[in-house]
Amino acid sequence: MDVILAMDLMDGYVVHGKSGNRDQYRPLTWGLSPSAEPLSYLSVMKPKYAYVADLDRIGLCGDHTETILKLASVPEKLWVDRGCSIPEEYLPGVANIVGTETADAPFEEFTGGYLSVDVKDGKVIPDGLDPVEVIRDAEKYAFDGIILLNISSVGTESGIDQNFAKHIRAATKKPLLYGGGVNTLEDLRVLCDAGYDGVIISTAVHKGKIPLEIIREGTFC
């Protein structure tokens, strides 16, 4: 299972988020990196794999595309959610993500990339659908993989509901990543045993609950 470092970008900095309350996000300067400037932050953390969310572009109030293109050459693979609404907005040289939160074009128009099933309070935003139904439906589209992003759990250290994780995994045969609330090595084990292909983490690494070395090696189990 790939272990992927999450980086949320806002106003030019890597920020620490919690539960999707973006107006409360602040630069991540209290963790393992003394700098929240994206390139400096990445040079300190040295992850094998990274995931970047451009929260300004997702929120239609800014754009970190130039920074993201610089970041793309640092990790072995970079997943990028920059609020793509149509396939023409995909960037070259990265694993592009289209989120249910921002997608405008029908899913059948997207070729490749990852579908991020963005979940708040148990429902997919913005339409309030069951995540299992959305993931099952995505089987018929040409996405390379799927991300279950539990926004309500981001930054909360809430851990993983084993039954929920298994239920989501059973909904698709595509590569599946999990993000949100992963807090301990046991959480990684739960996801690995459930058959996930990757996990996206940040807070637990900065708080020492998951060793930095796992991020640098990029794999667990």
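**View 1. What lines the largest pocket of this predicted model?** The lining is made up of T100, A103, F107, V124, I125, P126, D127, L129, E133, V134 and D137. (A pocket is an open set of points on a 1 Å grid over the protein atoms alone, where a 1.4 Å probe fits, with protein on both sides within 12 Å along at least five of seven lines; lining residues have an atom within 4 Å of a point.) About 170 Å³ of space lies inside, counted as the space filled by probe spheres set on the points. Helix α4 (residues 131-138) gives the largest share of the lining, three residues. (Helices are DSSP runs of H or I, at least four residues, and strands are runs of E, at least two.)

**View 2. The buried side of helix α5.** Look for A165, I168 and R169, which are buried in α5 (residues 162-169); buried means under 20% relative accessible area with a 1.4 Å probe, protein chains only. They sit on the same side of α5 because they cover an arc of only 100° around the axis, taken from the directions from the helix axis to the C-beta atoms. These buried residues pack against α4, β9 (145-150), β10 (176-179) and α6 (185-194).

**View 3. D8 and its contacts.** D8 is part of strand β1 (residues 2-10), and it counts as buried because its relative accessibility is 14%. Skip its neighbours within four places in sequence, and D8 touches Y13, V14, V15, Y25, Y51, A53 and L55; contact means heavy atoms within 4.5 Å.

**Notes.** Residues are numbered from 1 along each chain as its sequence is written, and side-chain values use heavy atoms, leaving out hydrogens and water. In this predicted model, local features need pLDDT of at least 70 and side-chain atom pairs count only at pLDDT 80 or more, while totals for chains, interfaces and linings use all residues.

Methods
Buried < 20%, exposed > 50% of the residue type's maximum accessible area, 1.4 Å probe, protein only.
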